[in-house]
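Please read this briefing alongside the sequence and the model displayed below.

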Amino acid sequence: MMYPFMTLNDETEIVHSDMQTDGRVKVYIEKPDEKFCFRHATCWLPSYDWEDVEGFSKTDIENYQEIIRSTAHLIMEFAQKGGFENASGF
């Protein structure tokens with residue numbers, strides 16, 4: 001299951017998975033694009049391993065990594081509790 005996390009001003013969507021049994025969380029980034037249809041990339045927390053990067057520059061990924069790094073504690077918590085909607089206190 002993937003849960004919505006954040007939509008940036010440029011229509012970039014950031015979603016995340018449930019926490020896997022090995023403690024990892026998949027963070028998926030997708031942005032509409034005329035050339036690629038959608039640019040996309042996957043980042044695995046907590047290791048920040050990137051894969052399946054299509055249409056994003058190295059600078060784009062560095063910027064997204066900073067966003068993810070600054071909110072990783074929330075993503076990890078939400079991933080354990082079934083997304084933002086199910087996290088207590090939010």
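**Charged pairs, sheet and core**

Asp60 is partly exposed, with a relative accessible area of 22%, where buried means under 20% relative accessible area, exposed over 50%, and partly exposed in between, for a 1.4 Å probe and protein chains only. Salt bridges that share partners join Asp60 with Asp33 and Arg39 into one network. This is a predicted model, in which local features need pLDDT of at least 70 and side-chain atom pairs count only at pLDDT 80 or more, while totals for chains, interfaces and linings use all residues. Residues are numbered from 1 along each chain as its sequence is written, and side-chain values use heavy atoms, with hydrogens and water left out.

**Salt bridges**

- The structure holds 5 salt bridges, each defined as a side-chain nitrogen of Lys or Arg within 4 Å of a carboxyl oxygen of Asp or Glu.
- Side chains of opposite charge can pair when their charged atoms come close.
- Arg39 forms a salt bridge with Asp60 at 3.9 Å, N to O, and this pair links distant parts of the chain, with Arg39 in strand S4 (residues 37-45) and Asp60 in helix H1, 21 residues apart.
- Arg39 also forms a salt bridge with Asp33, for which the closest N and O atoms are 2.8 Å apart, and Asp33 counts as buried at 16% relative accessibility.
- A salt bridge of 3.2 Å, N to O, connects the side chains of Asp10 and Lys31; because Asp10 lies in the loop between strand S1 (2-7) and strand S2 (13-17), and Lys31 in strand S3 (residues 25-33), the pair ties together parts that are 21 residues apart in sequence.
- Asp10 is partly exposed, at 35% relative accessibility.

**Sheet and helix**

- Helices (H or I, at least four residues) and strands (E, at least two) are DSSP runs, numbered from the N terminus.
- The 5 strands form an open sheet in the order S1-S2-S3-S4-S5, with antiparallel pairing, two strands being paired if DSSP finds at least two bridges between them.
- S1 and strand S5 (49-54) stand at the edges with a single partner strand each, so one side of each is left without a neighbour in the sheet.
- The twist from one strand to the next averages 20°, with axes taken as lines fitted to C-alpha atoms, for helices over the stretch in contact, and angles running from 0 to 180 degrees between N-to-C directions.
- S2 and S3 pair in the antiparallel sense over 4 bridges, and the bridge partner of His16 in S3 is Val27.
- H1 lies across S1, S2, S3, S4 and S5 and runs at about 135° to S3, contact meaning heavy atoms within 4.5 Å.
- Asn63, found in helix H1 (residues 58-81), is partly exposed with a relative accessible area of 45%.

**Nonpolar core and cysteines**

- The largest nonpolar core has 19 residues, of which Val27, Leu45, Ile68 and Ile75 touch the most other members; such a core is a set of buried Ala, Val, Leu, Ile, Met, Phe, Trp, Tyr and Cys residues joined through side-chain atoms within 4.5 Å.
- S3, S4 and H1 are the elements that give two or more residues to this core, and the largest share, 8 residues, comes from H1.
- Leaving aside neighbours within four places in sequence, Val27 is in contact with residues including Ile14, Cys43, Leu45, Ile68 and Ile75.
- Cys43 counts as buried at 0% relative accessibility, whereas Cys37 counts as exposed at 52%.
- A search of the whole structure finds 0 disulfides, a disulfide being a pair of cysteine sulfur atoms within 2.5 Å.
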